[in-house]
Structures are given as structure tokens and as C-alpha cells.
Amino acid sequence: MTFATLTTAVLDVVVPVYNEERDLGPCVRKLHADLSRTFPYPFRITIANNASTDRTAEVADGLARELPGVAAVHLAQKGRGRALKAVWSASDAAVLAYMDVDLSTDLAALAPLVASLISGHSDLAIGSRLARGARVVRGPKREFISRCYNLILRGTLAARFTDAQCGFKAIRADVARRLLPHVEDTGWFFDTELLVLAERAGARIHEVPVDWVDDPDSRVDLVSTAVADLKGVARVMRGLATGRIPVGELSAQLGRRPLEPRTPGVPVGLFRQLVRFGAIGVVSTLAYLLLFVLLRGGIGAQGANLVALLVTAIANTTANRRFTFGVRGRRDAGRHQFEGLLVFALGLALTSGSLALVHRVAEPGGPAELGAVVGANLLATVLRFLLLRNWVFRPGRARQAAAPEPAHGPVPENTHSPAPGDNPLETTR
């Protein structure tokens, strides 16, 4: 793999190609003319030829000699993800982008794609064919597959971005240096994996609605690509579930801190946490009541209360850890469960005490008994939320466990937005 020596660029647009001898020349000339006319900073266009067997390498070298600011890179192995990772990792530009050689995406979207990155406002930017305002021309088969794939990402990986596979993306170089070592895919799933890692690490993703016209000569094998993507989704899910993907470490490296509440005493994200905790609480309460009723006849009210509360408390802590407070991976899972059991002990004391009081004044097994455990369980639920939020899963403890601060203090937040005349290459985090 060889790189041409060029002056430092603010933007490096990579065009990954495989056997594109026919389309490569028109694409690069059009892109070069557009950037020369509209982009106010030094730029580079890097042709990433990954193991082409036709005249693509020859055409790429000819374009590099013909056009200033064009470089050709030749890789011995196939794979769009491999090509992007190699070129982006070696680039000295502040903003790294890529687009497909067929130019299906209108180049008018390139300026808004990179503007938020150059300013330092966002970390990644993606062209979206599914965002409001996008205009797309493509067949029903591709439209159906694209929408189904993005629904799968939302359902399995909780992705919030709208279009993972549009071949029109950009990333800040400092963010790329943190994320790329953890991206394993070398093919078409590369985009999705990078976006999921970025989103989980707290990176800000800017979406640009694009005008996009399908290339009827596309050589992408939809079936094999779909299978590879689904395998990639399963692999990333395992990595996130087991903690193999260091989301906490990446978040700390990117300098993401929780927002300070605008209103004193009102924590950020409280409403969303309450909704999720409430939903989990409803399911836990129903499960508790079902277990209590099933066990009541065999081991008595107190024994049924103990077993039902213990089982649902463990499940409740696990669910709230993942969905309410966003803690993933195995780190501190044992401590969380132990402290959750201490919270459970408080709930046990409340419900056991209420049962004892009811049995003093009413017959065991009646409506009063069931009402007492429901009321006590509701009170225990409120106390559980307060203790989980402010003790077990308190954000400060989670950050310290995920990534201890260095001796010189926390990673500073990026507050630099280049003013006119500033060098965008100095926008660091």
C-alpha cells in the first residue's frame, strides 16, 4: 500500500473502488471540480483501490498525476471496510469522508455533511435516504431491504440513526482514531459497526437528508451482503453484552460528560428513566404477584413473599441496569447485584412487616393480605428507584469504574469552534 505525498488537507474524501475502470474517471473529475469550486479549505481525494483485477489501478494512478490533490492507494485485499480503515488511519486530514464511486448521492450534500465536523459541533455525519427531506429514486426491492435492515438495527442494537448503509459519510479524525481500532468488519458492515460504536460511546451523529438515485449497474450481491450484515449484528450484540467492546472507555476518551441540569435539583434524563423504571416495575410486580399466589399454598405467605421478591428483585436489577440506567457489560455487575439485594432487603422488610400487621387484624389469605403486599411493594418500588439511581447506578460511580481519571484530571470537553482564519486541523478534543 503506497500513499502519494501531498500537502496537509482539511478534508480527505476517500473513494473505495473494486474493478471500476469505467466509472472512476468521471467520478473523480466531477468530485474534484465540485470541491475546487465550493470547498474553502485544502482537500484531498484518495482513490482506495482494493485488489481490482481490471485497469482500475492504472486509471487511479493516471488521475493522481493529472489532478492536484488526488492520491491513489492500492491494497492487496478486497473489502470496502478494509480500504476505508487503512486510508483513514493513515490520513493527516482533520475530517475524513467517503462516498461511493457511482455518485448516487448528489454532491450538494457534501458541504452540509462536513460543515458540522469542521466546526467541531458533531463527531460523525451521515447522509440519510430515510431522513425527512431526503429524495430517493430506487426500486421497491432495495427500498424494502433498506428499511427492514434499519428496523433490525433499531430492534437489536437500539440504533437511533436512520440510515446505516448510505455510501456518504464523514468523521472527525480525532474520533476516528479512537473508534477504528475497535471496528472489526472489513466489508459492507463496516459503516454500521462504526456508527453503533460511536453512538454507544456518546458521539454526536449529524444526519443530512440527501438526494439519491439508485445505480442500476450496482454489483453488490444483496443476499450475501444481507447475511454478512446479520452476522455482524449478532457479533456486535455479543460484544456489547459481554463487555468486549469497551464502550465506557471509548466514552471517556471522547470526553463525553453528563449534561449539567439546567434546573437545580432536576437530574438530566429523569423522566425517561422514570418511564423505563415504571414499565419494568409493572412487569416485576405482576411477576411477583404471580409467584406469590403460586407459592402461597405450599410454603406460606412469608415464604412465598421471600422467594417471589428475591427472584423478581434479581431480574429487576438486571433489567434496570441495562435499560433504565444504560449500564452494559460485565464490569461491576456483581457489585450491582449485591447492592440490588440490599435494596431487596428493604423491600422484604416492608412487605414482611405489612404481612405481619395484617395477620394481627385479619385472616391470612384474604383480600387484605393481597392488598397489603401490593401497597408495600409499591412503596418499596419508589424507594428502589431512589436507591438505584442515587446509589447503585449513580453516574459518578459508573464513570469512575469504567475509566479512572488520570492524575492530571478529567479529559477536557471540546469547546473550540474554529473562527474565520483558524486552522480546522487544530480542532481536538
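A polar contact is a pair of N or O atoms within 3.5 Å; within protein, one atom must be able to donate a hydrogen and the other to accept it, and residues adjacent in sequence count only if both atoms are side-chain atoms. This is a predicted model, in which local features need pLDDT of at least 70, side-chain atom pairs count only at pLDDT 80 or more, and totals for chains, interfaces and linings use all residues. Residues are numbered from 1 along each chain as its sequence is written, and side-chain values use heavy atoms, with hydrogens and water left out.

**Thr 312 and helix H10**

Helices (H or I, at least four residues) and strands (E, at least two) are DSSP runs, numbered from the N terminus. Thr 312 is part of helix H10, residues 270-324. A polar atom of the Thr 312 side chain lies 2.7 Å from the backbone oxygen of Ala 308. Thr 312 counts as buried because its relative accessibility is 9%; buried means under 20% relative accessible area, exposed over 50%, and partly exposed in between (1.4 Å probe, protein chains only). Contact means heavy atoms within 4.5 Å. Neighbours within four places in sequence aside, Thr 312 is in contact with Ser 284, Ala 287, Tyr 288 and Leu 291.

**Aromatic pairs**

Rings of Phe, Tyr and Trp (its six-membered ring) pair if their centres lie within 6.5 Å; planes under 30 degrees apart count as stacked, over 60 as edge-to-face and the rest as tilted.

| Pair | Centre to centre | Angle between planes | Type |
|---|---|---|---|
| Trp 88 and Phe 190 | 6.2 Å | 55° | tilted |
| Tyr 288 and Phe 292 | 6.1 Å | 25° | stacked |

Trp 88 lies in helix H3 (residues 80-90) and Phe 190 in helix H7 (residues 190-200), so their pair ties together parts 102 residues apart in sequence. Trp 88 counts as buried at 4% relative accessibility, and Phe 190 counts as buried at 1%. Together with Tyr 98, Trp 88 and Phe 190 form one aromatic cluster. Tyr 288 and Phe 292 are 4 residues apart in helix H10, which means a separation of about one helical turn. Both Tyr 288 and Phe 292 are buried.

**The sheet**

Two strands pair if DSSP finds at least two bridges between them. An open sheet of 7 strands, with mixed pairing, has the order E3-E2-E1-E4-E7-E5-E8. Its edge strands, E3 (70-75) and E8 (205-209), each pair on one side only. Strands E1 (residues 11-17) and E2 (residues 43-50) run parallel and are joined by 7 bridges. Asp 12 has Arg 44 in E2 as its bridge partner.
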